[in-house]
Amino acid sequence: MSKWYVYIMASKLDGILYIGYTNYLDSRVLEHKHKVNPKSFSARYNCDKLVYFEELEDESLASTRERQMKKRKREWKINLIKEMNPSWVDLSLNWNLDIGKSKLFRK
């Protein structure tokens with residue numbers, strides 16, 4: 001059984017926010033960082049810093065949680081991030097992300 005994640009990417013401290021969900025968080029973060037989809041919201045607004053994530057047991061829970069989070073006001077989202085990550089550091093910085101090993105970049 002795979003884990004699912006709801007996550008928030010940001011452009012900078014208190015900047016533009018992108019909320020998504022995935023079952024491959026490391027690969028999805030790489031996709032945002034390398035702007036694989038250049039016309040996407042996260043690429044256009046440079047949302048390439050992972051500032052928050054939650055781990056969930058299945059896709060339906062992750063999808064529901066993502067929708068709940070998107071409906072909330074910005075102030076609520078900011079407070080959620082500050083609880084987990086008060087300095088808004090990129091949580092993926094020490095993950096040793098490798099493009100060559102990512103499923104997204106394999107041919």
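This briefing covers the sheet, the helices packed on it, the nonpolar cores and one loop serine.

This is a predicted model: local features need pLDDT of at least 70, side-chain atom pairs count only at pLDDT 80 or more, and totals for chains, interfaces and linings use all residues. Residues are numbered from 1 along each chain as its sequence is written, and side-chain values use heavy atoms, with hydrogens and water left out. Helices (H or I, at least four residues) and strands (E, at least two) are DSSP runs, numbered from the N terminus.

**Sheet**
- Three strands form an open sheet in the order E2-E1-E3, with antiparallel pairing. Pairing requires at least two DSSP bridges between two strands.
- E2 and E3 are the edge strands; each has a single partner, so one side of each is left without a neighbour in the sheet.
- From one strand to the next, the twist averages 20°. Angles run from 0 to 180 degrees between N-to-C directions, with axes as lines fitted to C-alpha atoms, for helices over the stretch in contact.
- E1 and E3 run antiparallel and are joined by seven bridges.
- Opposite Ile 8 in this pairing stands Tyr 52 of E3.

**Helices on the sheet**
- H1 lies across E1, E2 and E3, at about 25° to E1.
- H3 also lies across E1, E2 and E3, running at about 170° to E2.
- Seven of the nine residues of H1 (residues 25–33) are buried. Buried means under 20% relative accessible area, exposed over 50%, partly exposed in between (1.4 Å probe, protein chains only).
- The cover over the buried residues of H1 includes E1 (4–10), E2 (17–22), H2 (41–44) and E3 (49–56).
- Lys 35 follows H1 and has a positive phi, near 50°.

**Nonpolar cores**
- A nonpolar core is a set of buried Ala, Val, Leu, Ile, Met, Phe, Trp, Tyr and Cys residues joined through side-chain atoms within 4.5 Å.
- The largest core has 15 residues; Ile 8, Leu 17, Met 69, Ile 81 and Trp 88 touch the most other members.
- E1, E2, E3, H3 (59–71) and H4 (74–84) each supply at least two residues of this core. E1 gives the most, with four residues.
- A second, separate core of eight residues includes Tyr 5, Met 9, Val 29 and Cys 47.

**Ser 11**
- Ser 11 sits in the loop between E1 and E2. Its relative accessible area is 13%, so Ser 11 is buried.
- A polar atom of the Ser 11 side chain lies 3.0 Å from the backbone nitrogen of Ile 16.
- Leaving aside neighbours within four places in sequence, Ser 11 is in contact (heavy atoms within 4.5 Å) with Ile 16, Tyr 45, Asn 46, Cys 47 and Lys 49.

Definitions and conventions. A polar contact is a pair of N or O atoms within 3.5 Å; within protein, one must be able to donate a hydrogen and the other to accept it, and residues adjacent in sequence count only if both atoms are side-chain atoms.
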